[in-house]
Amino acid sequence: MRNLISQKDKCRLVIVGAGMAGSKLAQDLCHAYGNIYQIILIGEESNVGYNRIMLSSLLANDISHADMPLVDTQKMQKDGVEIISNDPVASLNLEAKSLNLSSGERIAYDQLVLATGSRASVLPIKGMSASNVMGFRTLDDVEVMTQLEGSHSICVIGGGLLGLEAAVGLVKRGHKVVVFHRSNWLLNRQLDEESAGLLLNRLEQMGVEFRLEESPRECLQAADGRVSHIVCENGELLAVSLVVMAAGITPEITLAKQAGLDINRAIVVDQHMQTSHPDVYALGECCEFDQQTFGLVAPIWTQINVLMKVLVGEESAFAIEPTPTKLKVSGVNLFSVGRIQPSKEDSCIFFKDVSANHYRKLVVNDGLLVGVILYGNVADGSWYFQLIQNKTNVSDMLDLLVFGEAYCCSQVA
């Protein structure tokens, strides 16, 4: 058991997971309430507290490793946060309020926060267990990709945000990339078919190849156990050096499930981020609230703010709000938020300028803006988002709304 004599009068808070959610919680809690909390942050990776959403920019050589830290771990340690890296939690005993690390060390807690994040989902395709099949989730993943010398043929499975960002980054490094995507257009959760077509054309111009409405049928392995070829649905063989799995994420719930916490797709929490057990909380990609899970930063930052107040006895409650989506690819500008596939009760306003590669779609319901897609010119994204958040009645500006804030405001003036 750790000897924390100097901190004996403080509440011992253990955070399992040193990714973005866990490390930011540790930093913010230490800054605001370090006088009452002894914080222990535990991570399975050797790298702690880096900005995971910048991995695509790092892969594309748009930034360097110096730009990756999310928190100042040295300052955190100086301020009293104990950071344990490269030593994942092996088991959790809720009744004893303790956990065991893979190294065998046992740690007690007064309060526990699970911020275990997620793993790359693996599709049930034969041969996906090979050593050159990987996700795109960690600094170590990017390190593997950046160490590829020369030009390689690479298969990316998944045409969502992560898959497209990985594909562009690899193309920028001189590789030949083919993206498989089961849906009939890219970013089908964020874009409609029209805007996705513009995105497809742009990415093809950048050198990415696509096979839409298709998943690999099989991965053929060579004698060394590595994938050598992808078998397409029509039987065609594609030679590959690497397969990047980017077909969504699966919440990491192993510890919580073994400990007996309530689990659905992820760790079930209430509006206070509390699990089914007293003094045990969860946040980030590993938690589920109101049957929804969370993969974007904005709601997770809100969860952190809520949990910090709850931990010190203040009133606060988490609620689900619309969250904008942006693609982190240099030279590609898109913005999406809210309901992008209209219902029968909705009306849509469109604007398209083919020469400027500019597209807008606004979804309106009963005088309220409820969904927005912008491609090309995204300057009005934050204004549209504010209209949605504030539930502003836009009935009087419907004829002008698609032209943006400056035009609407000038006409009103």
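In this predicted model, helix α1, which spans residues 20-33, packs against helix α8, which spans residues 297-311, at an angle of about 40 degrees, and the axes of the two helices lie 10 Å apart.

**The packing of α1 and α8**

- The crossing in which α1 passes α8 is right-handed.
- On the α1 side, the contact is made by Met 20, Ala 21, Lys 24, Leu 25, Asp 28, Leu 29, Ala 32 and Tyr 33, while α8 contributes Val 297, Ile 300, Trp 301, Ile 304, Leu 307, Met 308 and Leu 311.
- Sorted by class, the residues in this contact between α1 and α8 comprise 13 that are nonpolar and two that are charged, with no polar residues.

**Secondary structure and contacts**

- Taken over the protein, the secondary structure amounts to 10 helices and 26 strands.
- Of the contacts in the protein with a separation of 6 or more, 61% are between residues 24 or more positions apart.

**Overall dimensions and burial**

- The radius of gyration of the protein is 23 Å, which agrees with the value near 22 Å that a compact globule of 413 residues would have.
- Along the principal axes, the C-alpha atoms of the protein fill a box of roughly 70 × 65 × 40 Å.
- Among the 413 residues of the protein, 50% are buried.

Definitions and conventions:
Residues numbered from 1 in each chain as written. Predicted model: local features only at pLDDT ≥ 70, side-chain atom pairs only at ≥ 80, totals over all residues. Heavy atoms only, no water. Axes fitted to C-alpha atoms, helices over the stretch in contact; angles between N-to-C directions. Helix = DSSP H or I, 4+ residues; strand = E, 2+ residues; numbered from the N terminus. Left-handed = near helix turned anticlockwise from the far one by under 90°. Contact = heavy atoms within 4.5 Å. Nonpolar A, V, L, I, M, F, W, Y, C, P; charged D, E, K, R; others polar. Rg over C-alpha atoms; globule rule 2.2 N^0.38 Å. Buried < 20%, exposed > 50% of the residue type's maximum accessible area, 1.4 Å probe, protein only.
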